Each structure stands twice: as C-alpha cells, then as structure tokens.
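Good morning, and thank you for making time for this presentation. Please look at the model on the screen, and I shall then take you through its domains, its side-chain contacts and one of its sheets.

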Amino acid sequence: MTFDPAPAISVAAADKAFGSMVAVHGASLEVPKGELVALLGPSGSGKTTLLRMIAGFERPDAGTIAIGGRRVAGPGVWVEPESRRVGMVFQAGALFPHLDVAANVGFGAPRRERVGECLGLVGLADRAHSYPHELSGGERQRVALARALAAEPDVVLLDEPFAALDASLREELRTEVAEVLRRAGASALLVTHDQAEALSLARTVAVMRDGRIEQVGSPQEIYERPRSRWVAEFLGEADVLPGTAAGGMVECELGCFGVGDGLAGTVEIVVRPEAVAIGGGSPSAGAARATVVDGAFFGHDHLVHLQLASGRRLRSRRLGAPAWHPGDEVDVWIDGPVSALTPAGD
Ligand code: ATP
C-alpha cells in the first residue's frame, strides 16, 4: 500500500495586497486529502482572495502554495490556473446557458463516463438533457458541483456556493453537497461567512479576520475553546464575564470551573447561552442569583436575558417555552462547557 502524506492544499505564509489594501496577510492553511475544510470569516476578511490565490486567479505577493504536493505558486514558481487540477463552484453556478446539463458537466471531463457518474452522484441523472434555465437554483448548483467533480480535480474550491439560495433550500443542499464530496472522496475548501454552515459541514474550520487566519481547529474546538473574544463572538452568542484563573480552575460570579491549565491571573470567561441553566426561585448552593430582564420564544427554544447581582448581563438559551417573566428572581448556574481567555484587548 502506498501512503501519500502530501496535503491536498498547503498554503504557507501567503500575502496579498491590492495597492495599500492588505487583503491576506501571513495566511497558512492545510487541507488534508479527502477532507472538507471551511474558511470562515466576515465580509472583507480575505477569504475569496485566499481562494483565488489557490485557484491561480491571483498571484501571492509572498508565501507558497502547493496542490497535491506540487508547488503551484511561490518564489520563481507559477502554474497557470488551468494546469492546477482545481475544480471551482461559485455562488451562482456559472453554467453555460446554451449547453444542456450533460454538456456542461462534460466540459473539461477527461472521460465520457464521468458525466453520468457525476450526475448520478448529485442525483440529477434524469436531467442530463435539461438546460440551465429549466433548473431550480439548487439544481443548478448541483450541476456546478457535478461539473467540478467530473474533471477529476485534485481539489474542489467552493466560494459561497449556497449564498444565492433561500434558507430552507440552502440547508438541504449543503448537507447534500457535503455528502457528495465525501462519497467522491474529494478534498475541498469551502469559503463561507455562515457560521452554522462551516461548523456543521467541515471537519476543520479556519477562521479568518482582517486578512489573517485567526484560529484553525475542529468545529467543536473553535466553538468551545475560542482563542480570542472576537472568535468567540463571531461563532455564536457569547457573554463574557471577568474572572480569575489559578491551577486549571477559574472563578467568576457564576462559580468555579475547570478550564484546563495554562492560565493565571485575570481572565475573561466566555459563556454560551446554552450553557446557562435557570431554575428554582429560592437560593440554592452553587448557584448565583439573577433577575429576568426579558425573554424571547423561538419555537424550538427560548432566550432569557438576565441581570446578575453585579449588574452584568447574561443570556440563557433553553429548549421549549420559557417559564420566566421579567422581574422574576432566579438561580443561574453553568450547565455546559465554558472557556477562559487572557484579555487581549480585541
Ligand atoms: P466577501 O465575503 O464579502 O466576499 P471576503 O472575505 O471574501 O469577503 P475578499 O473578497 O477576499 O474578502 O476581500 C478582502 C479585501 O480585499 C476587501 O477589503 C476587498 O475590498 C479587497 N479586494 C479584494 N479584491 C480586490 C481587488 N481586485 N482590488 C482591490 N481590492 C480588492
């Protein structure tokens, strides 16, 4: 058995500026073979620029890029986009309107059989002779994916492929696309500004901010152990309380928790609303007291805004309908993971 350790994509210390605008700075990223990695960040953080450098549509000012172990950009090295063995799926499918589905998918495919195989993979075998304008938005994106896979690329790059679809279709299609990529054994990099999309689909998420990759990790790692307050708040609802750390424990207004070693002194404790429980009405050991400020019901869960004795605000998100009203005095306690950060001034 042969073992090829080269990652599907390897970007090392890539920089790209447009005039004085630094779009990407010192970005390093790896996509292991056969895996889906998400590049997640707000608008303008440099995701598309990084993707375009990997595809070969932009030249990095510095750094190196390798695809399947072959260097495609770097000092003295430049491989044209068409020779990089990269498949692309954009926000709006970019299909040829005058070609039917089979011809679109066959464009660039090395073998005729690939067309049927890839249309089968995306569940559109019976639409081979339809034209793009006869398809729904979701179907067009599935054709775009089939076309990218049909060329047997080393990597598939997806740039906000679901952004133009309405919410329910988006959710359905993204699960389907992740499944197709997995079944095809494809290595893929997905650019998105949608936290839920990145967390639910990718094995690894790289969070980008202001041109830099701020944190890379599994969805659970980056959600439960964000490296900065910015990552914590970007990935979901988070309240931050001041605390003190010593010996692997932190103490704050809500009690004392284990957060792992390595922190000492003043810390910021990141509390997700779903890790905050409310109960009782009479003081109990280990719980802090809080006053209910407001609440909102969302159908499958509800959010309660609380004010602690210190005056600090905290949110609690729980399943079902709220049993609390503004003005109620309640006990609050931590019922889930919390993380602690060294205050970094971001
Ligand atoms: P979005 O989600 O809005 O697409 P993004 O994270 O993909 O954002 P980029 O499109 O990579 O971000 O843009 C990063 C920064 O670089 C932005 O400030 C953008 O205006 C700038 N930029 C990107 N391409 C160019 C260009 N060709 N010329 C000048 N500035 C550019």
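The centres of domain 1 and domain 2, taken over C-alpha atoms, are separated by 35 Å. Domain 1 covers 9-85 + 153-224, and domain 2 covers 238-341; these bounds come from an automatic or database domain assignment.

A word on the source. This is a predicted model, in which local features need pLDDT of at least 70 and side-chain atom pairs count only at pLDDT 80 or more, whereas totals for chains, interfaces and linings use all residues. Residues are numbered from 1 along each chain as its sequence is written, and side-chain values use heavy atoms, with hydrogens and water left out.

I turn to charged pairs. How many salt bridges does the structure hold? There are 21 salt bridges, each defined as a side-chain nitrogen of Lys or Arg within 4 Å of a carboxyl oxygen of Asp or Glu. One of them joins the side chains of Glu139 and Arg127, at 3.4 Å from N to O. Glu139 belongs to helix α4 (residues 137-150) and Arg127 to the loop between α3 (113-121) and α4, so this pair ties together parts that are 12 residues apart in sequence. Helices here are DSSP runs of H or I with at least four residues, strands are runs of E with at least two, and both are numbered from the N terminus.

Is Glu139 buried or exposed? With 18% relative accessibility, Glu139 counts as buried. The scale calls a residue buried under 20% relative accessible area, exposed over 50% and partly exposed in between, using a 1.4 Å probe and protein chains only.

A further salt bridge links Asp335 to Arg318, with the closest N and O atoms 3.2 Å apart. Asp335 sits in the loop between β20 (329-334) and β21 (339-341), and Arg318 in strand β19 (residues 313-319), so the contact ties together parts that are 17 residues apart in sequence. Both partners count as partly exposed, Asp335 at 41% relative accessibility and Arg318 at 24%. Elsewhere, salt bridges with shared partners join Arg111, Glu113, Arg114, Glu117 and Glu152 into one network.

Next, the aromatic residues. The whole structure contains 2 aromatic pairs; rings of Phe, Tyr and Trp (its six-membered ring) pair if their centres lie within 6.5 Å, and planes under 30 degrees apart count as stacked, over 60 as edge-to-face and the rest as tilted. One of the pairs is Trp230 with Phe234, which is stacked at 5.0 Å centre to centre and 10° between the planes. These two residues are 4 apart in helix α8 (residues 229-235), a separation of about one helical turn, and both are buried.

Charges also sit over rings, a term that requires NZ of Lys or CZ of Arg within 6 Å of the ring centre and within 35 degrees of the ring normal. Arg272 lies over the face of Tyr223 at 4.0 Å from the ring centre, and Arg84 over that of Trp78 at 4.5 Å.

Finally, the sheet. An open sheet of 5 strands runs in the order β14-β13-β12-β15-β21 with antiparallel pairing; strands pair if DSSP finds at least two bridges between them. Its edge strands, β14 (255-258) and β21, each pair on one side only. Strand β15 (residues 265-271) meets β21 in the antiparallel sense over 3 bridges, and Ser339 in β21 is the bridge partner of Val270.
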